[in-house]
Amino acid sequence: MSAAQRNDAEMASTVQQDTEQYLTFILAGQEYGVDILRVQEIKGWDKVTPLPNTPEYVRGVINLRGTIVPIIDLRQRFRLETISYGPTTVVIMLKVLSEAGQRIMGVVVDGVSEVYNVSANDIKAAPELGEHVDAEVVRGLATVDGKMIILVDIDKLLAESSLLAVKK
Amino acid sequence: MTFDMKQFLLTFFEESFEGLDVMESALLNLDVGAADAETINTIFRAAHSIKGGSATFGLSQVSVFTHSVETLLDEMRNGKRAVTRDNVDLLLKSVDCMREMLQAARDGGQFNADKAAAITTELEIVLGKIPGARSPSVAKSQDNTATGHGWKISLVPHADMLKTGNDPIRMFRELQGLGKLEVKLDATKLPALVDLVPEDIFISWDIVLRGDATLAQVKEVFDWVEGDCELNIVPLGVVATTELAQQDSAASAPGTLTAVPKPDDRRHADDRRASPERRGPAATADAGSIRVAIDKIDALINMVGELVITQSMLHQLGTEFDMSRLAKLQEGLGQLERNTRELQESVMRIRMLPISFAFNRFPRMVHDLSQKLNKKVELKMSGEQTELDKTVMEKIGDPLVHLVRNSIDHGVETPAARRAAGKADVGTVHLNAFHQGGNIVIEISDDGAGIDKHRIRKKGIERGLLAETDVVSDERIYELIFEPGFSTAEIVSDVSGRGVGMDVVRRNIKDLGGTVDIRTELGVGTTFTIRLPLTLAILDGQLVRVGKETYILPLTSIVESLQIKRDSVNIIAGRSEVYRLRDEYLPIVRLYRLFGQNPDSEQLEGALLVIVEGDGKRIGLLVDDLLNQQQVVIKSLESNFAKVTGISGATILGDGRVALIMDVAGLIKSSKDLPPQSGTKDWISKNATVAA
């Protein structure tokens, strides 16, 4: 390895260490971010097959190229006011890690926004967030271009236990 | 030879373990006193090949040990030794020992050398020989005494002798150990190089062995090639010929072909052995390999051929398509569908194995267990050829073992008790398998004492599973024996009584999507019935519509479908609806409520009710419409989501939409939890029993 190559490699690793890329989406006017490496693809909203005996926010399942993938409505998950799905409504397919391995799940959001580089220093611990958002699913808050972005821990958000909570 | 022997070694182990299984089952079939000659021959042949193979691969301990076994078998075969219970038991023990040795050799582990030595000694005592004699003589008859001069041996191998893995050089080396050896090669039949078949052997030998060797010792060297060659052994100086081994006259070779046997030829021979051309009982127990009958593969290849033809036809149609050819296109697509379905079926068939693979272990187990428990048990098996999926087979093995052990330990009584009850001394355990619809049904029945429901009830109350005052159905009581930790055995033995097992049995069967039922009568016997899906990947489904959604009911769980007649609907306690079907009262489950759909109509009159059965219980499901029936490929919901009550999986319909597959047993269970039906279920079933 030449000196220049090593330099490049070091630089690349510093970049990776310090900043992470986040895909942000909009939910009721607020911007949320998820680790972009966890995003498999983004799809338009399509009809789902509803699942019985599951919480309200589990909209149902779709056929994603031969596998059955559940779709979660994030507005309902965060107990926000529901709106009817429009042309900007999208489904983000996420890779969720759990003890059982990797699972693919889709989340319905109002629309996707941007991809930001967020450095680790810019992420602040979340304060008490009130009753709309469960504090544990928030990884932190980041400020980019003067806007606040809520960084979501999707593994906790989409953990199996939360998906099977009894329907009220 | 340093080339890779490993693959042959694996084949050898595989075949040897099969051989041991054959020996074991044949030994168990031997009627003491009146043994069938063919059965003894079968055992002998299996032992013989194991001995040969192990000698070839340098497993001398195995071959020496097997030799003693073989000697005993040989004497039995010749009628020199009676087939007694003791001898059979000794042979069974030997089979175990050989299996241990081979397993140790395969896994590089250690076997119990003391045990092997003990059995060897036992064998030698039985054979009436001095302990420690290394190579026992096969037969003491014939002109076997040492001549003091030697033997003249003429060896003319049949063309295919090498294919059986025999190497003349090895035999010569062995002969060398017996005395001074002179070998003369006869290569007159060697053909021109162009006609030479390298795998065949066409040279012969004249051998002179000088020394004190007995005829038996010399014959032993040629044990393996008996039938594969023409062998003449005469004492030196004697002119007469004694034909010793000439069984297969048909195997004489076309005279034009000859070959020079090089050491390398053995590789070809072994290659042949390793190739899966021998069909026979297939499947090995080890990791993920499967032996498939050749006709199944042939069918598959034919099917693929047809698929290719259909594809090329469609391709041609597609390149020059206009609307006038629409009919042709549709016809082609129809053909494609047929091809696909057939192909799917044949691929599934590859995974299907006869259930005898799961049953095979039982004769031995029953034999050992009944001796240990001082009971007399006869094992009957039927339907061994019933096929089921390999995965299902692997997972059903342990539950079956548990159930059979239970039958022998708890079910069948001791001979004295049986006599007192007026039954024959020998109890019967019957294993039966058959297909029913898309299921395989396995029954384990015994003619033993049956299950005492009062005892179970008492135990259940003791353990707090039932209240003293509970009035429960018999089925519910029998189901208690599947509860974890439940046992009524007074003495915990190493056979059973610890109460682990039955809950595992039920869980394993449930994991496979199957059910287990008990039928028992005190003093008459008990039958466990296991129902399993034939395969885990595909299911015959009935598509039903509820509201706007399509759901799939496994066809095998549907009992019947009917239109509701108003006067057959009863309402219990003002809330629960039951339907009177002949003599039964079935709870009505409005699926649209369960699944949160908007139905076509909430009226019961004239609506469609599908009667389904699961876990031995029946309910009626209210649906809006019955659609077509089709095979569906089961996709897991759990891989990306979680288990959902009442749903066993999902599938993708022709239009790409997802349809959920209903889990009938789960629906029945969860229907009890629904508010409209809660608390009434027991009442209904009680009523139903009264009515019946």
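B:Gly19 counts as buried, because it has 23 C-beta neighbours inside 10 Å; the cut-offs are 20 or more other C-beta atoms within 10 Å for buried, 12 or fewer for exposed, and partly exposed in between, with C-beta atoms placed from the backbone. This is a predicted model, in which local features need pLDDT of at least 70 and side-chain atom pairs count only at pLDDT 80 or more, while totals for chains, interfaces and linings use all residues. Residues are numbered from 1 along each chain as its sequence is written, and chains are lettered from A and ligands numbered from 1 in the order in which they are written.

**Around B:Gly19**
- B:Gly19 sits in helix H1 (residues 6–29) of chain B; helices (H or I, at least four residues) and strands (E, at least two) are DSSP runs, numbered from the N terminus.
- Beyond residues up to four places away in sequence, B:Gly19 touches B:Ala46, B:Ser49 and B:Ile50; contact requires C-beta atoms, placed from the backbone, within 7 Å.
- B:Thr42 is 23 residues from B:Gly19 in sequence, and their C-alpha atoms are 9.6 Å apart.

**Where the chains meet**
- The contact between the chains involves 20 residues of chain A and 21 residues of chain B.
- On chain A, strands S4 (58–64), S5 (67–73) and S7 (101–109) and helix H4 (160–163) each supply at least two residues of the side that touches chain B.
- S5(A) gives the most to that side, with four residues.
- By class, the side of chain A that touches chain B has 12 nonpolar, six polar and two charged residues; Ala, Val, Leu, Ile, Met, Phe, Trp, Tyr, Cys and Pro count as nonpolar, Asp, Glu, Lys and Arg as charged, and the others, Gly among them, as polar.

**Nonpolar cores**
- The largest nonpolar core has 72 residues; such a core is a set of buried Ala, Val, Leu, Ile, Met, Phe, Trp, Tyr and Cys residues joined through C-beta atoms within 7 Å.
- The residues with the most contacts inside this core are A:Val61, A:Ile72, A:Val107, B:Leu621 and B:Met662.
- Strand S23 (residues 658–662) of chain B provides the largest share of this core, five residues.
- Apart from this core lies another, of 36 residues, including B:Val392, B:Leu400, B:Met502 and B:Ile509.

**Helix pairs in chain B**
- Helices H13 (residues 390–411) and H17 (residues 502–511) of chain B pack at about 150 degrees, with axes 9 Å apart; axes are lines fitted to C-alpha atoms over the stretch in contact, and angles run from 0 to 180 degrees between N-to-C directions.
- That makes H13(B) roughly antiparallel to H17(B), a term for angles over 145 degrees.
- The contact of H13(B) with H17(B) has six nonpolar, two polar and two charged residues.
- Helices H3 (residues 60–77) and H4 (residues 85–107) of chain B cross at roughly 165 degrees, with axes that come within 10 Å.
- H3(B) and H4(B) are therefore roughly antiparallel to each other.
- The contact of H3(B) with H4(B) has 10 nonpolar, four polar and no charged residues.

**Positive phi**
- Most residues other than glycine have a negative phi.
- A:Arg79 has a positive phi of about 55 degrees, and lies in the loop between helix H2 (74–77) and strand S6 (90–98) of chain A.
- A:Arg79 is partly exposed, because it has 13 C-beta neighbours inside 10 Å.
- B:Asn374 also has a positive phi, near 55 degrees, and lies in the loop between helix H12 (362–372) and strand S7 (377–382) of chain B.
- B:Asn374 is exposed, with 9 other C-beta atoms within 10 Å.

Note on methods
Contact = placed C-beta atoms within 7 Å. Parallel < 35°, antiparallel > 145°, perpendicular 65-115°, else oblique.
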